Amino acid sequence: MAVTLSPPALAEKASRLVAASERQSFDPFTDVDWSVPLDDSAYYLPPEFLPLYGTAAWAAMTEEERIAYSRHEVAALCSAGIWFENILMHLVLRHLYDLPADDGSHRYLLIETADECRHSAMFGELIRQAGTPAYQVSPLLRRLGNFLKATSRGPESYIAILAAEELLDISNRATMKDDRVHPTSRRIAQIHVLEEARHMSFARTYIAEVWPTLSRFQRLVAMIRAPFIVRGVADALVNPAVYETLGIEDGYRQARKNPVHRERVIRDLGRLTGLLEGIGVINRFTRPVWRALGLVAAVPAPGPS
Ligand SMILES: [Fe+2]
Ligand SMILES: [Fe+2]
């Protein structure tokens, strides 16, 4: 496959993002105060973002149990974050493998990879201090992640990247502003939001600029695979081991079926699915698949403003 050099608009975006990275980047081991104990004095995520919120299992919990449950969910979410970021780094490195050093995106993509290394180190530290199991994603998702790393390229890779980044970004933005949430969790969310804004900006520009340059066959393959990739990313938000560890009977099924959680996934993917509608990845033929997989609402959502 021929190397796709960065179009001028993407190179311009990348050079602005390099400058933004120089102005603001974080070291998770000096910019987070790890001396604050991860006790159960506060929630670790806004309750509305917990997969069991609003279910019968949630109604049966005391406030203390809900807070402890949120600590386990934030550890599972950080573990899913490490899984996502490992895949993202593979995909970005494969992109970099093809690029000459004088391509306009070369330096930026190295910075993005370094950002993700630091984020995964930060998530790992939270897990080690949270007093919970490490909650790796399920063996099935790990196998699917390996398949994606091995086979994805081009705009399809950046659709996968955006799916993970957009989903986490919405909950991180809510977490960092919520004074019901533990300060360590809020700080981690804030650092992630500030650095991920650059990644999402690059991914959106890449998709918009490179998608129209693909052959019809390349587009068809990406259009068929994209909804299943995005579903796999969304599935990592609910880890069955959390409910087993806490002895919450029927918790996994209730979380998966939870209408609050299902609507949240559709809502939080809205910017991505709006972009994909705009470039035709989601169209009248593929939309039923996205709908059947619980990724878009029944009625077409308005595009991003
Ligand atoms: Fe990240
Ligand atoms: Fe990222």
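Visitor: Which helices are included in what covers the buried residues of H12?

Guide: Helix H6 (154-177), helix H7 (183-210) and helix H13 (287-292) are among them. Covering is read from contacts (C-beta atoms, placed from the backbone, within 7 Å). This is a predicted model, in which local features need pLDDT of at least 70 and side-chain atom pairs count only at pLDDT 80 or more, while totals for chains, interfaces and linings use all residues. Residues are numbered from 1 along each chain as its sequence is written, and chains are lettered from A and ligands numbered from 1 in the order in which they are written.

Visitor: Which residues of H12 are buried?

Guide: A residue is buried if 20 or more other C-beta atoms lie within 10 Å of its own, exposed at 12 or fewer, and partly exposed in between. In H12, residues 270-279, the buried ones are Leu272, Thr273, Leu275, Leu276 and Glu277. After H12 comes Gly280, with a positive phi near 90°.

Visitor: How many helices and strands are in the chain?

Guide: Helices (H or I, at least four residues) and strands (E, at least two) are DSSP runs, numbered from the N terminus. Here the chain has 13 helices and 0 strands. Its radius of gyration, taken over C-alpha atoms, is 19 Å, close to the 19 Å of the globule rule for 305 residues, so the chain is as compact as a globular protein of that length. The rule is 2.2 Å times the number of residues to the power 0.38. The C-alpha trace spans about 55 × 45 × 35 Å along its principal axes, and 43% of the 305 residues are buried.

Visitor: Which residues have the most contacts inside the largest nonpolar core?

Guide: Such a core is a set of buried Ala, Val, Leu, Ile, Met, Phe, Trp, Tyr and Cys residues joined through C-beta atoms within 7 Å. The largest one has 79 residues, and Ile159, Ala160, Ala163, Ala164 and Val233 have the most contacts inside it. Helix H3 (residues 63-98) gives the most to this core, 14 residues. Leaving aside residues up to four places away in sequence, Ala164 touches Phe84, Leu88 and Val233.

Visitor: At what angle do the axes of H3 and H5 cross?

Guide: Axes are lines fitted to C-alpha atoms, for helices over the stretch in contact, with angles from 0 to 180 degrees between N-to-C directions. The axes of H3 and helix H5 (residues 139-151) cross at roughly 15° and come within 9 Å. That makes H3 roughly parallel to H5 (under 35 degrees; over 145 is roughly antiparallel, 65 to 115 roughly perpendicular, the rest oblique). Where they meet, H3 supplies Trp83, Ile87, His90 and Leu91, and H5 supplies Gly145, Leu148 and Lys149.

Methods. Contact = placed C-beta atoms within 7 Å.
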